[in-house]
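Subject: Structure for you to look at

Dear colleague,

I am passing on the structure we spoke about, and below it you will find a short account of what came out of it. Please read the two side by side.

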Amino acid sequence: MTGEDITGQQRIIYLITDYIAGRLTIEETAELDSWIAEEPKNRLLFEQLTDETYRQPILSQWKPEAAENSLQNLKHKISLQKTRTLWPRIAAAASILLFLSIGGYFLLHKKPQQQLAEQIAPVNKGVVLTLGGGQQIQLTQKHQGLITAIGNTKVSQSDSLLTYNGKAANAEPAMNTLTNNSGSKFTLALADGTQVFLDVASSITYPVSFTGKERKVNVVGQVFFNVKHNATQPFLVMVGKEKIEDIGTEFNINAYANEPAIKTTLVNGAVKVTEPTASVILKPGEQVIGKDGKVTVAAVNLEEVTAWLQGKLIFHRETLESLMGKVARIYNVNVVWVDDVRNEKFGGSVSRSKKLATVLNYFRKAGNVDFQVDGNTVKVFKKKK
Amino acid sequence: MRTVGPQIIPIAPVILSDVAVFDLAYKNYYHPLCFYAAKFVDADDAEDLIENLFLKLWNKKQVFESPAHLQAFLYHAVRNACLDFKKSKKNNLQLHEPVSENQPLPGVDHLQHLIQAEVLAEIYRAVNDLPSQCSKVIRMGYLEGFNNAEIADEMGLSEQTVKNYKGRGLTLLKDKLSGSAFTLLLLLVHWK
């Protein structure tokens, strides 16, 4: 970047900012216009920056507290090196003393926990297939081949995909249950070609083949469906007392036992959601929240809802309570609220394959919260000033 | 020509060994530089790179001839630090490149990223330079999209007080931005 380069950019920054604030002179407006016309990418940039829906999500994440925290962090680093340059020997001696006096304690008590926090990775306890007779088969994510045959149906695995293939039998088909106990998603292809994606701590119970008037499955946890539509044999998902009926569809269900409500989000097509006392037909981009037998519908951010399929956690103004619920499942840890910071809100995006410590650090840096990891318990504190 | 808003670092030259100047520069550039760096490297690494860069600047007791000079230097240095960082990572034969949440858009170059970061930063600085309560109300109301009742609840204030702060904040913003012409007021109204 040469001096000329950056000077040119600074002029553009000034012009765009003042355009947004509405205080450009006629000459300046002409100057900005000619820059915009220079190259298509200039126009793109201009349109992006003058679009509030582009700016707002970014600016809402630029928290002054995060900058302040980072500055304090840096000052701490500065003060440490100051001690070293001024008093190298004393510092060395002091650190040895410090190590001898309290270091032992930390080594014995604190250190292993700290290391553990660094090392806690997303839970990986594989996937369990429970057959009709109650027999359980433990699946590992890396496996290829035939798992079992049930009547005319063959069950085969290809890494994180389990596929059911075969003709429907005349007899009542057996019910199988698939449970995902690992942090990465697992895919199931049902006998009718419907695809089911299971998130961590989620399971589905389904017949090995579909006979009769309808195709009915039961789910717990977070599950994404891509249903093979068949008008003569509707697809029904039961979640507790709630019934979700597919009308040609991709949809996401979030129904963990420890969450207060069942959330069904429609990505494509149409679904009908029926609770004991109410029912609603969803449009794409809408989410229905089923609670206490009633339903409420709201528009949601689909990227956020389906981020888990891409191995991400995306959130906007989400409470720490809700986020820690997700963290608890992904890392298989317990959360203890030492201070009530449940309603602190966060926005952002993190990869779900990161270590627990990285994720906690993210929240620490962005907000007024602190954590301590003891074994598999995460204690949550308010940050001490 | 106003290259860095008057509300940021009004004096030239910029002497970073002055703690107050250093703090101000850090707070004003932390987010835009992180945003810019995240176009090249992982967001977590970006934060570390920014901290280390400022640590070096502090140790060198660097003086810049103007705020514009500081601005140019910072973006230049961050970009170099990111490129060095990526190179050293490659040399370490890292098999698993961390997933960067801000992959650079193809065809958009770093100068475009710089413009992006600094236009956003201008808005951020103007809002956050208000007195703290005011700034918090303006931020929650206009940047984070909370309504008056939610802000009142969160800050333990009455709704009327929130409204008062909003009014005062907008007036202050108007004064903050140079005299004759329009102000960010318009821009804030856009957000509503």
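Buried area is taken here as the accessible area, found with a 1.4 Å probe, that two parts lose on being put together, summed over both. Please keep in mind that this is a predicted model. By that definition, chain B and chain A bury about 5,600 Å² between them, with 60% of it on carbon and sulfur atoms.

On the chain B side 65 residues take part, in contact with 53 residues of chain A. The interface holds 9 salt bridges by the rule applied, and in one of these the side chains of B:E51 and A:K77 meet at 3.1 Å, N to O. There are also 13 residue pairs in polar contact between the two chains, both residues at pLDDT 80 or more. Several helices of chain B each supply at least two residues to the side that touches chain A, including helix 1 (19–37), helix 2 (43–60) and helix 3 (67–91), while the largest share, 15 residues, comes from helix 4 of chain B. By class, this side of chain B has 34 nonpolar, 15 polar and 16 charged residues.

Turning to strand pairing within chain A, strand 10 (residues 215–226) pairs with strand 8 (residues 195–198) in the antiparallel sense over 4 bridges, A:V196 having A:F225 as its bridge partner. Strand 13 (residues 250–255) of chain A is likewise antiparallel to strand 10, over 6 bridges, and there A:V223 stands opposite A:I253. Strand 11 (residues 235–239) of chain A, by contrast, runs parallel to strand 10, joined by 4 bridges, with A:V217 and A:V237 as bridge partners.

With best wishes

Key. Residues numbered from 1 in each chain as written. Chains lettered and ligands numbered in written order. Predicted model: local features only at pLDDT ≥ 70, side-chain atom pairs only at ≥ 80, totals over all residues. Heavy atoms only, no water. Contact = heavy atoms within 4.5 Å. Salt bridge = Lys/Arg side-chain N within 4 Å of Asp/Glu carboxyl O. Polar contact = N/O pair within 3.5 Å; in protein donor to acceptor, adjacent residues only side chain to side chain. Nonpolar A, V, L, I, M, F, W, Y, C, P; charged D, E, K, R; others polar. Pairing = 2+ DSSP bridges.
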